[in-house]
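Hi,

Here is the structure I promised to pass on. Please have it open while you read, and my notes follow below.

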Amino acid sequence: DRLDDAMALYDRDIAVLEAAGQEDLAEHLALRKLTLLDEAEAYDLLESAANEAIDSGSEALRFAGHVGRSQALAGRGDLDAALETLGTAAQTAEDARRRELLARRIGLLFDAARDDEARRLIEPFTAADSADDLFFAAQAWYRAERWAEAIPLLERVIEAAPEAVTPYFTLGAALERNGEIDRAVSTFESLLERMPDHAPTLNYLGYLWVDRGENLERALALIETAVAIDPENGAYIDSLGWAHFRLGDLDDARRVLEWAGRLVVDDPTVFEHLGDVYVALGEITSARRAYQRALDLDSDDADRIRTKLADLEPNQDIR
């Protein structure tokens, strides 16, 4: 929470690295600085740093600067200026970055409930026959959480490129989030038949079953395989701990979820799960701390967590 001091350290180290001829490392820190300011929603500082990046000689920094400036403008409520910044940058960007800038424009329009404008930007890709164009359109709808729009496009992508893995996985996730559980499970299982070591699918399907209280033993096995493949993935560790909890293995659940909390310090779901384990173990003080941590991280399920906290201490106001 000492943003000014953090920025001073970044600026000092960037200057030291540039003076030493370490331009790549200096660029890495400058990009990280922009990311940090965006995450902190420090929009005035972000715009200033973004303008410096736009004026630099690095193509990567100029691109990040345009993105950062658009984020700062949008964060302050000047959406039209943010869109103009992205549009101007797209005029000189290479194709891959032009698409990324367009995706950000579409995302800003959806965030502002300007759906008709977003749809007009997506439509040329929807009408294309190219799998890459169709997948771009599908991802735009997916990021906007418009699952019903994304699903048929993903099906067209798979028809055009049946060996592609990412569209198959994305289709399974979209189906699950659209409430089409049986189709989602079938999609994930089909993908695992082709790629039994695809860790994201192993984890997603395992967690889906665990969260629904179904096929728990098989779900545990899937998640354990995902963790073996990627043992430092905090999301997979969280899934593993949650599986142990659902199976009643409270000591293992506590051990694993505490591990997840060390790996993923900014995920409210991990700390809500950890709070549930502490409650089951009768460790109410620890549960209270875990739930409060989940709230401090701006959980999307804040009302549910406040209810859990209130159940622990019914006479105390919960912030």
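What covers the buried residues of α17? The cover includes α16 (268–281) and α18 (302–312). Before going further, please note that this is a predicted model, in which local features need pLDDT of at least 70 and side-chain atom pairs count only at pLDDT 80 or more, while totals for chains, interfaces and linings use all residues. Residues are numbered from 1 along each chain as its sequence is written, and side-chain values use heavy atoms, with hydrogens and water left out.

**Helix α17 and what follows**

Helices here are DSSP runs (H or I, at least four residues), numbered from the N terminus. The 13 residues of α17 (residues 284–296) should span 18 Å at 1.5 Å a residue, and the end C-alpha atoms agree, being 18 Å apart; the expected span is 1.5 Å times one less than the number of residues. Its buried residues are S286, A287, A290, Y291, Q292, A294 and L295, where buried means under 20% relative accessible area and exposed over 50%, with partly exposed in between (1.4 Å probe, protein chains only).

Just after α17, D298 takes a positive phi of about 60°. D300 is found in the loop between α17 and α18 and is exposed, with a relative accessible area of 80%. The C-alpha atoms of D300 and T269 are separated by 9.2 Å, although these residues are 31 apart along the chain.

**The cores**

A nonpolar core is a set of buried Ala, Val, Leu, Ile, Met, Phe, Trp, Tyr and Cys residues joined through side-chain atoms within 4.5 Å. The largest has 85 residues, and L101 and I106 touch the most other members. Helix α8 (residues 131–143) gives the largest share of this core, eight residues. Leaving out residues up to four places away in sequence, I106 touches A118, L121, I122, F136 and A140 (contact means heavy atoms within 4.5 Å). A second, separate core of 17 residues includes Y10, A26, A30 and L37.

**Two helix pairs**

The axes of α7 (residues 115–126) and α8 come within 8 Å and cross at roughly 150°; axes are lines fitted to C-alpha atoms, for helices over the stretch in contact, and angles run from 0 to 180 degrees between N-to-C directions. α7 and α8 are therefore roughly antiparallel (angles over 145 degrees; under 35 counts as roughly parallel). Residues making this contact include I122 and F125 of α7 and F136 and A140 of α8.

For α10 (residues 166–177) and α12 (residues 199–212), the axes come within 11 Å and cross at roughly 15°, so these two are roughly parallel. F169, A173, E176 and R177 in α10 meet P200, T201, Y204 and L208 in α12.

Best wishes

Conventions
Angles under 35 degrees count as roughly parallel, over 145 as roughly antiparallel, 65 to 115 as roughly perpendicular and the rest as oblique.
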